[in-house]
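Welcome, and please open your viewer. We will go from stop to stop, selecting a few side chains at each one.

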Amino acid sequence: MTAASPPLADRLIDRLDAIVPPPAAWLFGLRIWLAMMLALYAAFWLQIESASSAAVCVAILAQPKRGQALSKAGYRFLGTIVGGVVAIVLTGLFNEDRVLLLVSFTVWLGLCVFVAQYLQDTRAYGAMLSGYTVGIIALANIDAPQNTFDAALGRVAAIAIGIVAITFINDALASPSTWRTLRPTLANAFGAARAFVRDALANGDPGDERTAALIRTIAAMRAETSAIGGELDDGRNRASGARSAIAALYVTGAASRGLALACDRIRRPTPAVVEARALCLRAVTGDVTEPGAEQLNRDDARLRDLVEEAIRDPARSLDETMALQRALDLHNAVTFADDGLRALSDGHKPLRDVALPTHRDFPVALRAALRVAIAFGVAAGVFILAGLPQASFALVQVSATAALSSVTPDPKKFAIGVLMGMPLAALFAGIVLFVFLNGNQGFPLLAIAMAPVVFFGCFLSLNPKTFTVGFISLVFTPVLLSPANPQLYDPQTFLMNAYLVVAAAVILFLVVRLVLPISNSQHRFYALEEARRDTADALVGEGGDATTRTSLNADRLFQFSQWNSGSGAVRRASLAHAFALSRLESSAARAHAQMRLLWCAKGLRASIRRGREALARGNAWGLEDAARAMIRAGGREDRETRLRIARAATDLATASQVIQRHGRFFRRLALPSS
C-alpha cells in the first residue's frame, strides 16, 4: 500500500520555500543597497572624482554580520592608506619610465600576496589590498603621473565614505552581531567535544579520523573570532573568550585520547585513576552549562592533589602518573572551554588570552606570489603589445582578481566563480545603463535600477557554493557602470571595459591552472615537511611557545585532512603519520618548557640532562628512564615543583611511546628514533 502524495498546494509551498530567500537574506540585501546608495550619494555631494569607488567599497564590505564588516573595513582602510603611499612613492621614482613602474608594481604586488599568505582572515585581505591599490592609483594615472597624489587622496576619501555608510546602515538597521551567531555554534562544538570525551572514557581512543572530524568542527569557527572585538565595548573580552574556548577544545580532544591510551596500559586501575576518570566524566556529562564553574574548580583542585600524591609515592607506576596528568589536562581544558564560552556570552574577562596560530607553508606562499606576479606580467605584455587604449584599466582588473584569488582557500574554485560572475556583472551593468537609465540623469532612477542587481548579488553571496559569483557581480557591476554626475553613455567604452574584465577573468582561470599549480599531494608533502622541521626543532628545545603548539598543530592537521586523498588505507596511514608528528612535536616542546622551569631545582638537574639528551637523540627508552628518574628525584620538592615534574615526565613518556610506535616513519623523515 503506497502512501498518498502531499497535496499540490503543499508541494508548491515547499518549492517556493526552497527558492525564495529567507527574510534574513532580504534584510541583508536591503542593508547593502541602502549603504551603497548612501555612499554613492555622499560621494556625489562631496564631488569625489571617482564616486563609484565608494559604492564598490560597500560591495566589497558586504558581510551578513556587523563584526565581519567592521573588521574588514578597518583593514581595508589601512591597506588603502599603505597602497596610496606606495603608489605616490613609486610614481615619484619611476614617472619617466613605464617599464620600471610596471616592474616595481609587480614586485610590490607579489610581496603583498606573499605576506598575506602568512596572515589570516581580514588581515590577509588588508595586506593583499595594499598590493593592488597601487595599481588602481598608479597604473590608472600612468599617462598623467602628476595626478597620482590627487587620485590617492580621492581613493582614500571614497573608501572612508563607503566605510562610514555601511557602518551607519548596519547600526541603524541592527545588523546581526557576530558574537551572537558564534555563541550557539561554539556551544554545539563544545557539546561535540564533550561527547568525544565520553566516548574516549567509555570505549578507548576514538582514533585519528574521528579526531580529525572534531578538529574540522572546531576550526570552522576560527575566522569569526577576530571579527568580535569591534562590535561592543567588551568585544575584546568576548573575542578572547572565544579564542580561549577554541584552543581549549583542541586540547580537549588531544588530552582525552592521551587519557584513554594511558588507561589502556593500566591492567588494574588504582583508586586514584578511577576517581580521576569519574571527575573527568562528571565535567563532560549533562548540559554544556553543567557542572558549573565552582564545581569545576573543586574538581580541578582534587585532580591536582591526586597528581601530587602520585609524585610523592615512589611505588606509583609511570603509567598511573601519566593517566592522572592527562586527566588533569583534560579537566583544565574543559574548564577553559566553559570559561571561554561564558566570556563570549556575558563579556567578562576570561581566565586567559591565547593566540590561534595558523599553519602556512613557505613554498605555497612563494608560489602564490609568483603566480600573481607572472599573471600580471604576462597580461601587461599582451595588452601593451595589442595597443589597447584601456590597457591600464585591464591591468588593474587582472591584478585585483589575481590578488583576491591568492587569499581564498581554493583559488581554482574562485577562478571559476570569477569566470561566471564577470559576464554577469557586465550584463547587469549594461541593462542598468542602457535599458533602465537610457540617457537619464536622475539619482532616484539609478537607485531603483540598482536594487535588483544588489539584492541578487547578496542572495548569491550568502550561499557558499555561489558566493564568488555573487561577490564578483556585486563588486564589478558598479565598476563597469561607473556612476558619475553627469552619467556618461558611451557604448563603445562600455563594451571595451566589459570585454577587458571578462578577459581578466579568463586570464585568471588559465593562470591558476597552468602557472605553478599545487596538487593535493604537494600540499601534503609541504605540510609534512614543515611539520618535520618543527618537530626537529622541538626535539632539541627550539620549538617556540609550547602553549600554542596544540592549536598550531590542530590547524595543520585540519588543512592536511582537507588535502588527504587516495584509497581508504592510504588516507588513514597518512593521517596517522600526521598525528604522530603532531604528538611528538607537542610533547617535546612542552617537555622542554617544563624542564627549563625545573632547572632551578638542583636535585633534578641530572634527570633533566638525561631527558634533554634523550629527546635530542630520539631515544625512546632513554626518555622513559629520564621520566622515572625525574619522578624519583621530585619526592622532596614543593607542591608546585611536583606538579611541573608530573607534566614534564608525562610529556617525556608520551614522546617515548610515539617514537616506539612510529619509529620507522620517523627514520624515513630523517628524524631521531630509537
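How many aromatic pairs does the count come to? The count comes to 13 aromatic pairs, where rings of Phe, Tyr and Trp (its six-membered ring) pair if their centres lie within 6.5 Å; planes under 30 degrees apart count as stacked, over 60 as edge-to-face and the rest as tilted.

Before you start, note that this is a predicted model, in which local features need pLDDT of at least 70, side-chain atom pairs count only at pLDDT 80 or more, and totals for chains, interfaces and linings use all residues. Residues are numbered from 1 along each chain as its sequence is written, and side-chain values use heavy atoms, leaving out hydrogens and water.

Select Phe44 and Phe443 to see an edge-to-face pair, 6.2 Å centre to centre with 85° between the planes. Phe44 sits in helix 2 (residues 23-45) and Phe443 in helix 18 (residues 443-461), 399 residues apart; helices are DSSP runs (H or I, at least four residues), numbered from the N terminus.

Next, select Phe114 and Phe362, another edge-to-face pair at 5.7 Å centre to centre and 80° between the planes. Because Phe114 lies in helix 5 (residues 98-117) and Phe362 in helix 15, this pair ties together parts 248 residues apart in sequence.

Now pick Trp26, Phe455 and Phe459, which ring pairs link into a cluster.

Finish with two arginines. Arg238 lies over the face of Trp179, 4.1 Å from the ring centre, and Arg257 over the face of Phe579, at 5.4 Å. Here CZ of Arg must be within 6 Å of the ring centre and within 35 degrees of the ring normal.

Terms used. Helix = DSSP H or I, 4+ residues; strand = E, 2+ residues; numbered from the N terminus.
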